[in-house]
Amino acid sequence: MTAATASNDPVVRIRGVGKSFGSNRVLNGVDLDITRGEVVTIIGPSGSGKTTLLRCVNALETYDEGSITLDGVEVCYRDANSRRHRKERELSAIRAETGMVFQMFFLFPHLTAAENVMLGLRKVRGKDKAEARAIAERWLTRVGLADKFDSYPAQLSGGQQQRVGIARAVAMEPKVLLLDEITSALDPELVGEVLAVVRQLADDGMTMIVVTHEMAFAREVSDLVVFMDGGRIIVEGRPDEVLQNPSHERLKTFLSRLDSTRTRERAS
Amino acid sequence: MELALYSLPFLWQGTLITLAVAALVAVFSLVLGVLLGTLACFGLSPFRWTIRIYCDLIRGIPAVVLIFMVYYGLPVLLSFPINNFLAAVVALTVFTTGQVTEIARGAIQSIHFGQAEAGKAIGLGFWSRMIYVIFPQAVRRFLPPWVNNLTDVVKGSALVSLVGIVDLMLAIQQVIGRVYEPMPLYIVGSILYFLINYGLSSASQRLEGHFAYIRE
Amino acid sequence: MTYHINYNFVWQYFDKFYWGLLLSIELAVISILIGSIIGFGLALIYVDGPRWIRRLIAAYVEFFRNQPLLLLVYLVFYGVPSVGGFKYSPTVSFIITLSVYSSAYLVEIFRSGLDAVPRGLLDAGKAIGLSPWQRLLHVRLPTMLRVTLPALGNQFVSLFKDTSIAFVIAVPELTYAAKWITTNKFRIFEAYSVAAPMYLVACYAMFAIFALLERRFAARR
């Protein structure tokens, strides 16, 4: 593997990525660069391909066409030309370099909060128990769960569970953190505490790709906002350009529809 | 009293053989069943189909028939004799593995796919995901039906008496053959089988309590 | 010595297999019928009965479910007549054994089925003036059957497979036929390669019937 480490090279480089589920074309030629320390937010209607794109970056899905590189290394294939799929072992190594936080948390219910964070550190990074525990405690403290080290997921609120999910991902020191609608499954009053943690990570310079419906948050935290529809990127630009004065027709309808559902939700 | 003293050593020997057969079958079928159950969930499709067919075949054939097929049939096909103990253990293992595979498959499939994905996302390889993420959760679903199956194994082990292995069942028959007192001995035998199985299910209930902390 | 596969004897004596399979099915059906009646009766008593009766029935279930069927077959055929001073045919003896054995399993299934009948449904039956018998026949039984069908199907097939040990007391069922060929004509491989598929087909026919019943009941929901 060749690692390009010049600081201005993109951490994640997405070029012409296409993917189909059967006859359904979910990604249709996506190009995107994410540079170090950058926060890129992907918005778009459901079925626009944003979650699939995110899952391709850490090889939970494979892409049929194009190339995704992480620090210069092709993610799903041995090399971009021969398109030979990577072996399970190589995929695991690549996935360890990306962190993923899921909409439904997916904490391991049989492990405590600390053990959830420690599992990857011990079995993938090969750290000993004491060191892994120290790292886990440090991260859990940073996400505001200093008193929950030994709680099981079932004993935590949704917001707390999601913060453990974030700690589990960032403790691996990933090159990029992928957040997949991480507040969509939360009760409204718990959204804030999770977003505060993400904001903190952004300030600390973590590279992130965020899929979200929280437009206010996207505006505040992003360096770049990308609007996807029909498997391709329709608009991309600085948050104020994209969200404040949407010029594209489909983006306008998307944003206004989002507003109206929000209002309806609040009214009910 | 005389009868009891006379028969006790035979019955004790037989009980040990019954326990040995059941333990061997239980251990082999546990290892094979968990392996096949895992493959049935995550293996390549030819594996999955083969396992499917194997389990379905086993579901439709009585254990006795399987024992006779292995004990009488295999030596004929291989043209060398097989020890009856080996034949019986192999046949019962083949039979039980089919059931354990089904139990394991059901238990693994009851775990949300997101658990495997979360394991992938932190870079765990396939077997690490199984051992540290999937199995510890699946065990809670696996245990109750498996213990049920375990008592079936003990009960099924009585069939090995039909190929001349002196287990508890055959020991009872042999003692009856000498003392001509069928009823008391059958009753003693049924009490012994009951105690073995009852002990197993009580022990397992304690074990199940041990996993009660896992909640989704 | 090499073994030459030769099905002549099996075809020559195929009527033994044919009648054997038929007898196996008959044994299963009769025993399951009797077992179901005992099982359902006990389940009804259990659900509505006082504590000590529940204990008694639970003990009955626990005891028979933890017995090897083989032991019970011997006990009923050799043991019971030796004390009682009477005799019965192997077939009758086996039917008695399998009936009692199956009833222990069926109590459990019917009991959980009865538990699944909602209280409100029974009250509704009372409200429209149904007698206890009518409530049982028209409300409890149909609702219970719908819930228990999958478990019943598995249990019936498993009990049918259990008829295969009736040969130990010389009941001429299917395994007896295979056994007869192996001991008298030494065509071992051939005998079981015919008997096993016959069991398989019969089992899957039963599964199919139950799948059909389930679909019927589900459609009426």
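Analyst: Happy to; we begin with the sheet, then widen the view to the chain and its partners.

A word on the model first: it is predicted, with local features needing pLDDT of at least 70 and side-chain atom pairs counting only at pLDDT 80 or more, while totals for chains, interfaces and linings use all residues. Residues are numbered from 1 along each chain as its sequence is written, and chains are lettered from A and ligands numbered from 1 in the order in which they are written.

The sheet of chain A is open and has six strands, in the order S6-S7-S8-S3-S9-S10, with mixed pairing. Strands here are DSSP runs of E with at least two residues, helices are runs of H or I with at least four, and both are numbered from the N terminus. Two strands pair if DSSP finds at least two bridges between them. At the edges sit S6 (98-101) and S10 (232-237) of chain A, each pairing on one side only. On average, neighbouring strands are turned by 20 degrees against each other, direction ignored; the axes behind such angles are lines fitted to C-alpha atoms, for helices over the stretch in contact, and angles run from 0 to 180 degrees between N-to-C directions.

Now let's zoom in on S8 of chain A. Strand S7 (residues 176-180) of chain A pairs with S8 (residues 208-211) of chain A in the parallel sense, over four bridges. Leu178(A) stands opposite Ile209(A), and Leu179(A) has Val210(A) as its bridge partner. Strand S3 (residues 39-43) of chain A is also joined to S8(A) by four bridges, and these two run parallel. Here Val40(A) has Ile209(A) as its bridge partner.

Are the faces of S8(A) covered or open? Both are covered: Met208(A) and Val210(A) on one side, and Ile209(A) and Val211(A) on the other, are all buried. Buried means that 20 or more other C-beta atoms, placed from the backbone, lie within 10 Å of the residue's own; 12 or fewer make it exposed, and anything in between partly exposed. In soluble globular proteins, nonpolar side chains tend to be buried together.

H5 (residues 158-170) of chain A lies across S6 and S7 of chain A, running at about 170 degrees to S6(A).

Stepping back, chain A has nine helices and ten strands. Its radius of gyration, taken over C-alpha atoms, is 19 Å, close to the 18 Å of the globule rule (2.2 Å times the number of residues to the power 0.38), so chain A is as compact as a globular protein of 268 residues. Its C-alpha atoms fill a box of roughly 55 × 55 × 35 Å along the principal axes, and 45% of the 268 residues count as buried. Among contacts between residues at least 6 apart in sequence, 66% join residues at least 24 apart; a contact means C-beta atoms, placed from the backbone, within 7 Å.

Finally, the neighbour: 23 residues of chain A are in contact with 20 residues of chain B. Helix H2 (88-95) and helix H3 (113-123) of chain A are the elements giving two or more residues to that side of chain A, and H2(A) gives the most, with five. By class, this side has 14 nonpolar, four polar and five charged residues. Nonpolar covers Ala, Val, Leu, Ile, Met, Phe, Trp, Tyr, Cys and Pro, charged covers Asp, Glu, Lys and Arg, and the others, Gly among them, count as polar.

Technical notes. Contact = placed C-beta atoms within 7 Å.
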